[in-house]
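Please look at the sequence and the structure below before reading on. The report after them goes through two ligands and two residues.

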Amino acid sequence: MPITGENLIGAAARRGEGETFRAVEAATGQSLEPAFASATPADVERACALAAEAFDTYRETSLEDRARFLEAVADAIVAVGDELIVRCMAESGLPRARLEGERGRTVGQLKMFAGVVRDGGFLEARVDPAQPERKPLPRPDLRLRQIAVGPVAVFGASNFPLAFSVAGGDTASALAAGCPVVAKAHPAHPGTSELVGRAVQAAVKQCGLPEGVFSLLMDSGISVGQALVADPRITAVGFTGSRRGGVALMQTAAARPVPIPVYAEMSSINPVVLLPAALEARGRDIGRAFVGSLTLGSGQFCTNPGLILALEGAGLDGFLEAASAALKETQAATMLTPGIHKAYCAGIAALEANPAVTTLARGLAGGTHQGQAALFSTTAEAFLADHTLAEEVFGAASLVVRCPDLAAIRAVLERLEGQLTAAVHLDEADHDAARALLPVLERRVGRILVNGFGTGVEVGHAMVHGGPYPATSDGRTTSVGSLAIHRFLRPVSYQDLPAALLPAALRDDNPLKLWRRQDGKLTAPGA
Ligand SMILES: NC(=O)C1=CN([C@@H]2O[C@H](COP(=O)(O)OP(=O)(O)OC[C@H]3O[C@@H](n4cnc5c(N)ncnc54)[C@H](O)[C@@H]3O)[C@@H](O)[C@H]2O)C=CC1
Ligand SMILES: O=C(O)CCC(=O)C(=O)O
């Protein structure tokens, strides 16, 4: 499939008339062909108009048709073949095995949402039958279902060019909910974005859906994204990226005459608590496993273990020795963009220059665009006194906080901002300590895990990939897993509608065979 550098607006491919830009090969910094031209305000307008036009038809597609469409998107992405992987490797610097895995996750995610749509549970159908004889007042007939919110703007992430990008989790969950999507390609991987975008576009056509169900806009800067979020037809936003970018979009969305929700996944340092019995029993093993997680994808995971909290002692010494030894042998790895590499180097330089921070180990030095892993330590006292030590350094860097007692660990956790994950390494003898920390962790994070690290989010029904601000803009939800569909739905009540006007989900004969809450009681179809 040739990459043309065009915007995909509904069924059309249109060369933008805005500023031109080229993708950059992450490993070399060389420009890649072809030139992409940024979308114009007229392109944004057209994509949003088509999305709004498609909305009423698309949101009322049958559950089966919508599920098949999601499966068709998955199949079309696979059908792009190796070209997708090769282009994505060049643009992101990520290795083949990682990207093949990520493509599998992307496809699996679309298929999971196909299952969610077929099941129909997300409609949350409720029926409170009328009680005309009720005293003192009769009760009306009330029925409720969830409907799609409307067209959704999706901003792909640079660090997951497939699973969190054009057809990633935000797009999959919005399409599953019944929302048309206008995606804004990340300028770090426009070729990958176009290939995936063309796959989605082909699936829209193959399934006979209105063309406005999907559009893809290119931009080298931020004006297209800003215009998109400001467009009155856009009703919600999905975003993964920097805190600065996410907050800027939240502000734009809040300043509209009609404000809309922005579901932004932003920064997280993912504290890892090492409890004493576990440290003593297997501190060295934990140290080696930690370095594996820290350096995965050159550390460019928002679930990266950026902060280690542990009690002073022999167990911690063993952990640090093993972690430092493993880190020193870690090859430097290409980072996603020169900008991300520069930000990483600046973050490392700031830690190195901080008098309260000790550099424990550095990974092997690399080329111009490669990130060199780093491990630092400080004390709980210093950490609590300096809020800059809690800032995310995006890449393979982590800070160990040496704590004199459990109270200090707790104090550090209390001080942290909202996080995506927290990991606790524990043995049975640590249960009391862990039990005491759990309430703090629950308040601070979206996912608590034991004897592991947060990198590698499982796509499933019980997953929360979210957390209180600034991990995300709205800690009540998730951007991974089936619960993500709820971001793009809202409930509507139907009071005393004649049977002939009721949506299928709420008819007495329950033709969709849904589990429904019937007069307050969850009821099987046919019961
Ligand atoms: N939390 C996470 O999962 C991630 C965090 N990051 C952080 O973000 C930094 C920069 O990485 P990027 O991927 O370039 O993130 P970014 O936030 O700068 O860009 C993400 C997307 O948002 C758009 N955007 C950014 N600012 C905008 C604005 N003011 N108005 C409209 N659109 C805007 C960009 O064009 C891009 O499409 C990294 O160094 C890292 O610190 C990056 C990737 C993932
Ligand atoms: O750890 C993962 O699998 C996902 C991480 C993520 O969401 C991110 O880095 O943006």
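The sections below cover the basis of the model, the surroundings of each ligand, and two single residues.

## Basis

This is a predicted model, in which local features need pLDDT of at least 70, side-chain atom pairs count only at pLDDT 80 or more, and totals for chains, interfaces and linings use all residues. Residues are numbered from 1 along each chain as its sequence is written, chains are lettered from A and ligands numbered from 1 in the order in which they are written, and side-chain values use heavy atoms, with hydrogens and water left out.

## Ligand 1

Around ligand 1 there are 21 residues, and the closest are Ser 158, His 186, Gln 226, Ser 242 and Met 266. A residue is near a molecule if one of its heavy atoms lies within 4 Å of it. By class, this shell holds ten nonpolar, nine polar and two charged residues. Here Ala, Val, Leu, Ile, Met, Phe, Trp, Tyr, Cys and Pro count as nonpolar, Asp, Glu, Lys and Arg as charged, and the others, Gly among them, as polar.

An oxygen atom of ligand 1 lies 2.9 Å from a polar side-chain atom of His 186. A nitrogen atom of ligand 1 is 2.8 Å from a polar side-chain atom of Gln 226, and a nitrogen atom is 3.3 Å from a polar backbone atom of Gly 241. Taken alone, ligand 1 exposes 810 Å², of which the protein buries 84%. Such areas come from the Shrake-Rupley method with a 1.4 Å probe.

## Ligand 2

Ligand 2 has 13 residues around it; Asn 159, Cys 302, Thr 303, Val 457 and His 465 come nearest. They divide into five nonpolar, six polar and two charged.

An oxygen atom of ligand 2 is 2.7 Å from an N or O atom in the side chain of Asn 159. Backbone atoms also take part: an oxygen atom of ligand 2 lies 2.6 Å from a backbone N or O atom of Cys 302, and an oxygen atom is 2.9 Å from a polar backbone atom of Gly 456. Taken alone, ligand 2 exposes 300 Å², and the protein buries 99% of that.

## Two residues

Thr 455 lies in the loop between strand S20 (445–450) and strand S21 (489–495). Strands (E, at least two residues) and helices (H or I, at least four) are DSSP runs, numbered from the N terminus. Is Thr 455 buried or exposed? Thr 455 counts as buried because its relative accessible area is 13%, and buried means under 20%, exposed over 50%, and partly exposed in between (1.4 Å probe, protein chains only).

Arg 443 lies in helix H14 (residues 431–444). Arg 443 is partly exposed, at 43% relative accessibility.

Methods
A polar contact is a pair of N or O atoms within 3.5 Å; within protein, one must be able to donate a hydrogen and the other to accept it, and residues adjacent in sequence count only if both atoms are side-chain atoms.
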